[in-house]
Amino acid sequence: MKVLVSCYACSPYKGSEPGVGWNMAVALAQYNEVWVVTREKNRSSIEKYIAQHPISNLHFCYHDSNIGVKTIKRVSDFLYYQLWNISLRAKAKVIVEQNKIDIIHHVTFNQYRSIAFGYFINRPFIVGPIGGAELIDEAFDKELTFVTRCRETWRRKLWDAVLLRWLLKRTKMPKMVLFSAKENLIRLQQYISPFAEARVLPAIGVSTWDFPDNMPTDSATSVFTMLYAGRIVDWKGLHLFMHSVSIVKDQLPSLKVILVGINSAKEVGQVTEWCKKYNIENQVELIPWMPREQLLRKLTEINLFVYPAFRDSGSMAVLEACAMGCPALCFDAGGQDAFPDACVIKVPIVHKDYERTLANFSEKILWASQSKSGLQQYGNRARQYVMDNMTWQRKGVIINEIYRNLTSKIRNTEM
């Protein structure tokens with residue numbers, strides 16, 4: 001099939017959304033002839049990679065809005081992205097006609113409140129995986145800044161979901177909306193019916209060559225060691241994690257917490273203040289930065305990876321821990337809900353009750369420290385699940401099947 005893929009963010013040398021755009025495009029080119037439209041700024045990195053690693057069936061088209069519109073980007077990346085899609089509509093139609101495109105797929109940015117040119121072109125259309133409807137429970141409001149609380153209040157209203165419904169009505173062609181987490185599907189289902197089908201498919205993935213076939217089975221030391229990797233952002237829950245450690249530390253004399261990525265003077269000062277407040281200075285080690293390869297190896301040497309975010313759209317850190325066979329602990333929240341309960345240790349959130357939710361987190365840490373065999377089972381199941389379901393190669397298979405099903409609806413109608 002001939003597929004036009006929209007990847008505003010797309011780079012072979014980056015993670016996050018640019019990495020998602022790139023890996024998705026490469027995965028889809030295994031089975032289809034793929035044209036990718038992306039920003040002009042991505043040209044140099046893409047052409048450099050393609051020159052060294054040619055990929056058959058993969059073509060790139062570059063586009064940027066005019067200079068006058070680009071000045072808007074200094075004020076709002078999101079607004080510029082919307083205008084980028086609008087200005088691309090005419091060029092996309094030409095690409096579709098000249099190359100006899102069978103289906104259009106919008107990949108990045110992956111949020112439901114975005115315009116995409118594929119909504120306005122008369123071809124079968126897939127959007128996603130998309131997210132953005134995950135919520136932070138009110139139990140965590142005391143941990144949030146004023147700005148984050150205001151943003152969450154807006155997200156809870158879903159006012160902008162009306163745009164999604166309006167966009168899905170633009171053509172009568174078959175459509176599929178892929179949601180990155182279960183919570184997105186639950187909250188947005190009413191806005192897409194009956195104009196499109198919907199299912200859950202996490203946006204993130206891993207490449208099998210990044211992870212060795214033979215994993216260490218028991219390299220953790222006798223000291224119960226937990227690791228957190230990331231910056232200090234209020235909704236990522238690091239303060240709550242530190243609080244939980246203080247609650248259980250007296251029951252765990254051999255306890256160590258490694259924090260990777262806390263590198264600015266402001267962040268170091270904040271963590272130091274928390275450690276003093278909770279009397280856990282001797283249990284916490286700060287590592288300002290660690291190369292990805294070294295961090296992945298570190299995941300095989302610890303007991304538990306902790307990701308205390310109150311919500312997330314993808315939880316790439318959890319995915320990589322699972323791929324390394326490292327048991328992971330996180331809240332049962334949007335984003336993390338894409339992982340099966342048998343693969344990740346999930347902490348239940350008690351709605352609007354911070355103290356009980358904090359107690360639940362502490363209890364899960366205590367259980368993990370006292371159940372070595374149970375932890376190992378989580379790690380083994382997590383790795384197997386990732387290798388079976390979360391590789392980019394597997395995503396290519398799944399999405400290719402969706403393409404076939406959508407286009408078959410047109411053929412059945414025409415018969």
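By the cavity rule used here, this structure comes out with one cavity of 30 Å³ or more. A cavity is a set of points, on a 1 Å grid over the protein atoms alone, where a 1.4 Å probe fits but cannot get out. Keep in mind that this is a predicted model: local features need pLDDT of at least 70, side-chain atom pairs count only at pLDDT 80 or more, and totals for chains, interfaces and linings use all residues. Residues are numbered from 1 along each chain as its sequence is written, and side-chain values use heavy atoms, with hydrogens and water left out.

**The cavity**
- The largest cavity has a volume of about 40 Å³, where volume is the space filled by probe spheres set on grid points joined across faces, edges and corners.
- Its lining (residues with an atom within 4 Å of a point) includes His 106, Gln 111, Tyr 112 and Ser 114.
- That lining splits into five nonpolar, three polar and no charged residues. Here Ala, Val, Leu, Ile, Met, Phe, Trp, Tyr, Cys and Pro count as nonpolar, Asp, Glu, Lys and Arg as charged, and the others, Gly among them, as polar.

**The cores**
- A nonpolar core is a set of buried Ala, Val, Leu, Ile, Met, Phe, Trp, Tyr and Cys residues joined through side-chain atoms within 4.5 Å. Buried means under 20% relative accessible area, exposed over 50%, and partly exposed in between, with a 1.4 Å probe and protein chains only.
- The largest nonpolar core has 72 residues, and Met 242 is among those with the most contacts inside it.
- Leaving aside neighbours within four places in sequence, Met 242 is in contact (heavy atoms within 4.5 Å) with Val 257, Leu 259, Trp 274, Tyr 278, Ile 280 and Val 284.
- A second, separate core has 37 residues, including Cys 61 and Tyr 119. Tyr 119 turns up in the lining of the largest cavity too.

**Helix H6**
- Helices (H or I, at least four residues) and strands (E, at least two) are DSSP runs, numbered from the N terminus.
- In H6 (residues 161-168), Ala 161, Leu 164, Leu 167 and Leu 168 are buried.
- Looking down the axis of H6, these buried residues fall within an arc of 115 degrees, so they line one face of the helix. The arc is that of the directions from the helix axis to the C-beta atoms.
- Their cover includes strand S6 (175-179) and helix H7 (182-192).

- Asn 360 sits in helix H12 (residues 354-370) and counts as buried, at 17% relative accessibility.
- Gln 270 belongs to helix H9 (residues 265-278) and counts as partly exposed, at 28%.

Notes
On a 1 Å grid over the protein atoms alone, a cavity is a set of points where a 1.4 Å probe fits but cannot get out, and a pocket is an open set with protein on both sides within 12 Å along at least five of seven lines; lining residues have an atom within 4 Å of a point.
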